[in-house]
Amino acid sequence: MIWLSFTAGLLYRPGTRCSLPRVRWNELHATDNFASVLTEMRSAMCSALVDGKCDLYLEVGWPSLLPHSASYDSGALAYLALQLVDAIAEGHEGRLLLLLPTNHCCLKAQELLAHRPGRLETGLSDLTLPTRLQVAELAQRGGPAEGERVQGVLIAGISLDSPEYRDDPSLRHARAWLRSASAVSVCLNARVPMLPFERDKFCTAFVLQPLTIVRELLPFSGVGGRAHFCERLWVSPADQRRNSSIGVTRTEVLGRALLRRAYPGAWRVLIDAGSTGEFTELETLLRRPSANELVEIVEPQIKARLSALGPALKALAGLDEAKSGGRSSLREAATEAAAEVAAEVTAKVECQPLSRPLSVAGAAGVTEAGDSKVVSLSWRQIEAEDAVEALSLYQALALLRQRAYGKEVSFARDMRAIHVLQPYTSEEARSARARSLASGRLNGDVRGGCLLVPDGLGESVASLEQLTLQRNDVPENRAECAAHLLERATAEAISRRQAYLVVLPLPPNLEIEGLTWLLAANFTPAKEIPLPAAVARALTPNAMGKLLE
């Protein structure tokens with residue numbers, strides 16, 4: 001199994017104790033039993049309610065809690081929903097409503113309440129809950145009567161976002177109940193399409209979403225008829241089956257990932273590349289990553305694992321070929337082709353280091369930073385007729401920016417900006433380009449970079465934009481590179497007589513890590529700096545900046 005799964009359901013026997021569902025699960029810094037995860041969910045929900053978040057999303061991607069899954073257990077969903085309603089009841093004395101997907105699930109919930117007059121095994125803290133709680137199936141209960149109000153509503157396991165529900169009364173009823181709640185509205189594994197102003201009120205308080213990492217291989221003919229393969233990675237919820245792209249001849253699961261969030265904490269992305277049950281944390285983000293961002297996060301780890309396994313797979317392919325008289329699978333052919341391409345590229349690709357300082361009148365050049373150089377380029381340098389090296393570095397940084405920022409990348413201010421970047425050494429660049437060409441995807445072969453725009457936010461207020469670094473490097477190297485870039489950008493701003501330097505929003509994968517770099521470089525919250533009033537009003541609340549000497 002590649003996700004959390006219950007190994008035993010709830011026992012519903014009159015006069016007997018109600019046992020907890022048992023869960024098989026190994027994960028870095030996580031729990032291995034249902035009760036502990038439940039405690040974390042309740043804690044996250046209560047923290048959100050204390051902070052004034054009254055409309056909450058809770059997501060747990062276990063098959064036993066998903067009605068469309070073959071492993072669905074209605075008793076498990078009822079049990080979890082009752083525990084969360086109990087947490088709501090602790091701070092609210094009015095009437096509560098629990099809406100479940102099926103009548104069978106409602107019967108399980110009512111049976112749990114009936115057979116536990118005071119408490120479940122984990123403890124219902126509110127002894128009056130059975131008298132204040134109404135449990136109903138959404139389709140049978142319908143919408144609220146005119147003027148009907150409840151203190152809290154929890155909708156569990158009901159998905160109304162598919163096309164067949166577009167004109168279904170259940171969708172209108174679900175939205176009406178969420179609006180009618182005077183204190184708390186909670187959606188547990190429920191998808192209820194809403195208007196934008198309604199959806200924006202909801203806070204995602206808890207997420208535990210298992211993910212599957214899948215690779216698609218698509219063969220194509222190269223020069224001379226030689227077979228080549230291009231590939232694409234997908235990271236999708238483990239409970240969803242995604243249709244393969246047209247022309248794909250093979251798909252294979254390369255590992256598992258996990259998306260976690262417990263309010264008020266950050267979003268965490270973890271990976272188990274070998275499907276061993278041991279997860280490693282990759283990124284900590286301030287907002288939920290998109291599907292494309294998840295691919296960007298896990299891809300370096302998957303590529304590294306495939307590279308390490310390449311020789312072993314090739315050896316196994318050779319053994320099978322000797323036995324069968326030919327290639328036995330597409331994976332073996334793809335591994336062999338990728339290994340050959342990587343070897344050719346490594347032998348042929350040469351990346352010369354900067355042979356001379358890049359200096360043009362009025363523009364900065366090169367400063368030493370450890371084993372590599374920090375380069376600052378003006379647009380005049382990049383456009384110069386003999387500026388082959390400068391143009392190559394600009395293109396590499398542009399690729400890296402595009403990969404880090406995705407659709408948020410912007411090249412509108414490149415002509416005004418000073419491009420500050422740290423190139424690879426010659427050997428690092430040769431290896432990076434070999435990896436890029438072997439995988440068929442360009443990464444931007446520089447350690448990192450950013451844009452400094454003098455007077456970018458106003459007179460004497462410079463902006464530092466689109467700071468980005470390579471993902472597949474150790475945190476210490478990334479922090480060192482960031483320190484060199486920030487130091488160089490600050491020096492460039494001072495040389496251009498800027499009074500302030502303000503950092504514009506970072507990409508999601510750098511929001512937390514990047515904050516530590518900025519604080520180490522003596523940046524402070526922009527609201528603490530005496531910026532011009534017009535500039536201060538235009539900045540986001542978490543913007544960072546510094547007063548230049």
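Modeller: Happy to! Strand 3 makes the largest contribution to the lining of the second largest pocket, with four residues. Helices (H or I, at least four residues) and strands (E, at least two) are DSSP runs here, numbered from the N terminus. Bear in mind that this is a predicted model, in which local features need pLDDT of at least 70 and side-chain atom pairs count only at pLDDT 80 or more, while totals for chains, interfaces and linings use all residues. Residues are numbered from 1 along each chain as its sequence is written, and side-chain values use heavy atoms, with hydrogens and water left out.

The volume of the second largest pocket is about 840 Å³. Its lining has 47 residues, and those closest to the centre are Ser159, Asp161, Asn189, Ala190 and Arg191. Two or more lining residues come from each of strand 3 (55-60), helix 5 (138-141), strand 8 (203-221), strand 9 (227-237) and helix 8 (291-324). By class, 25 of the lining residues are nonpolar, 13 polar and nine charged. In that scheme Ala, Val, Leu, Ile, Met, Phe, Trp, Tyr, Cys and Pro are nonpolar, Asp, Glu, Lys and Arg charged, and the others, Gly among them, polar. On a 1 Å grid over the protein atoms alone, a pocket is an open set of points with protein on both sides within 12 Å along at least five of seven lines, a cavity is a set where a 1.4 Å probe fits but cannot get out, and lining residues have an atom within 4 Å of a point. Points are joined across faces, edges and corners, and a volume is the space filled by probe spheres set on them.

On to the cavities: there are two of 30 Å³ or more. Helix 1 (residues 34-50) supplies the most, four residues.

Helix 1 also meets helix 2 (residues 74-89): their axes come within 10 Å and cross at roughly 35°, with axes fitted to C-alpha atoms over the stretch in contact and angles running from 0 to 180 degrees between N-to-C directions. From helix 1, Phe34, Leu38, Met41, Arg42, Met45 and Cys46 take part, and from helix 2, Tyr79, Leu80, Gln83, Leu84, Asp86, Ala87 and Ile88, contact meaning heavy atoms within 4.5 Å. This contact has ten nonpolar, one polar and two charged residues.

Proline 264 sits in the loop between strand 10 and strand 11, and the peptide bond to it from tyrosine 263 is cis, with omega near 5°. Arginine 497, a residue other than glycine, has a positive phi near 60°. Most residues other than glycine have a negative phi, and most peptide bonds are trans.
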